[in-house]
Amino acid sequence: TQLGFSDHAAAKELRNEYFQKYHSTAKALTMAEADGRLPVGARFNTEMLSEWWATTLEFDSFLQPDATFIADLRASPLKLVAFSNAPRKYALKVLGALGLRDIFADDHIFAVDDVLPACKPERAAFDRVLEKIGARADQCVMVEDSMKNIRVAKALGMRTVLVCGASSGHSDAIAGEATKPGDSPCPTDAAIDAVIRTCDEMRTRLPSLWETPPHFQLT
C-alpha cells in the first residue's frame with residue numbers, strides 16, 4: 001500500500017515479473033521505478049522495505065535454530081560469509097532467528113545494500129564480495145538454494161552445494177517456484193558439485209571441509 005498499488009495481486013504480479021530478471025525484491029522494485037512501472041508518483045526506497053520487513057515479519061514463527069548446524073559452523077575452520085539478496089536489516093533478523101548472528105563477523109555479512117546496483121546472480125555482486133573478503137572464487141564453496149546463483153558461482157570457479165529441501169519431491173519444486181519464480185532446485189544440473197537436503201547435512205556430506213587444511217571432497 002505504501003507504493004500505491006491498487007491491490008495485492010497487482011503488486012505481486014509486478015514484483016514477480018521483475019524478480020525473475022533481477023532476483024532481488026529491492027533491485028526489482030528499484031528497476032521497476034526506473035522503468036516507470038510503479039504507480040504514478042510512487043518512489044521506492046530500499047531502506048523503507050528493509051525497515052518494514054524487519055519490524056513487521058514474525059521471524060521466530062517461521063525460523064528456528066538448528067543446534068546441529070550451529071555447532072558444525074562453530075567448529076568450522078573456514079572463513080564463513082553470509083551473502084543475501086535481502087536488505088541488511090532483514091538479513092540480520094533472519095540470522096538472529098536462526099541462532100547464527102554471532103557465527104558471522106560483521107564485515108562478513110553482505111546484503112543487497114552492500115552490492116547494489118548489482119545483486120546475485122550478477123557477477124559484479126560476487127566480485128564485490130570476493131574483493132571485500134580477500135578471496136578468489138576458486139578458494140570458495142557456495143551453499144545455495146538458487147539455481148541462478150549456483151550457475152554463476154560455478155562459472156566463476158567456486159565449488160557449489162545445492163540445498164534442495166527436506167523432502168525431495170514435487171512439493172519442493174512448488175515451494176522454490178513460489179519464492180523464486182523460474183528458479184526451483186534442479187539437483188541434476190551440471191553446475192552442482194554436491195546436493196544436500198538441509199544445512200545440517202553439510203558436515204556429514206562434506207566432512208573434508210572440517211579437516212585441517214579444509215578441502216572439498218564428497219563422501
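**Contacts, cores and strands**

Biologist: Which residues are in contact with S24, leaving aside its neighbours within four places in sequence?
Modeller: S24 is in contact with F19, N85, V112 and C119, where contact means heavy atoms within 4.5 Å. This is a predicted model, in which local features need pLDDT of at least 70 and side-chain atom pairs count only at pLDDT 80 or more, while totals for chains, interfaces and linings use all residues. Residues are numbered from 1 along each chain as its sequence is written, and side-chain values use heavy atoms, with hydrogens and water left out.

Biologist: Is S24 counted as buried or exposed, and why?
Modeller: S24 is buried because its relative accessibility is 1%, and buried means under 20% relative accessible area (exposed is over 50%, partly exposed in between; 1.4 Å probe, protein chains only). S24 sits in the loop between α1 and α2; helices here are DSSP runs of H or I with at least four residues, strands are runs of E with at least two, and both are numbered from the N terminus.

Biologist: What makes the pair of S24 and N85 a polar contact?
Modeller: A polar atom of the S24 side chain lies 3.1 Å from the backbone oxygen of N85. A polar contact is a pair of N or O atoms within 3.5 Å; within protein, one must be able to donate a hydrogen and the other to accept it, and residues adjacent in sequence count only if both atoms are side-chain atoms. The side chain of N85 has a polar atom 2.7 Å from the backbone oxygen of H23.

Biologist: Where is N85 found?
Modeller: N85 is in the loop between β1 (82-83) and α6 (88-97). N85 counts as buried because its relative accessible area is 12%. Beyond residues up to four places away in sequence, N85 touches H23, S24, V112, C119 and K120.

Biologist: How do you know how many disulfides there are?
Modeller: A disulfide is a pair of cysteine sulfur atoms within 2.5 Å, and by this rule the count is zero. For C119, the nearest cysteine sulfur is that of C140, 19 Å away. For C186, the nearest is that of C164, 11 Å away. C119 is buried, at 0% relative accessible area, whereas C186 is partly exposed, at 29%.

Biologist: Which residues of the largest nonpolar core touch the most other members?
Modeller: They are L3, L14, Y18, L38 and F44, out of 16 residues. A nonpolar core is a set of buried Ala, Val, Leu, Ile, Met, Phe, Trp, Tyr and Cys residues joined through side-chain atoms within 4.5 Å. The elements giving two or more residues to this core are α1 (8-22), α2 (25-34) and α3 (46-56), and α2 gives the most, with four. A second, separate core of 15 residues includes A137, M142, L156 and M158.

Biologist: Why is strand β4 called largely enclosed?
Modeller: Four of the five residues of β4 (residues 159-163) are buried, so the rest of the structure largely encloses this strand.

Biologist: What makes β3 and β4 a pair?
Modeller: Two strands pair if DSSP finds at least two bridges between them, and β3 (residues 141-144) and β4 have four, in the parallel sense. The bridge partner of M142 in β4 is T160. Strand β5 (residues 194-196) runs parallel to β4, joined by three bridges, with V195 of β5 opposite L162.

Biologist: Which elements make the right-handed β-α-β unit?
Modeller: They are β3, helix α9 (residues 147-156) and β4. A crossover is right-handed if, with the strands pointing away from the viewer, the path from the first strand over the helix to the second runs clockwise.
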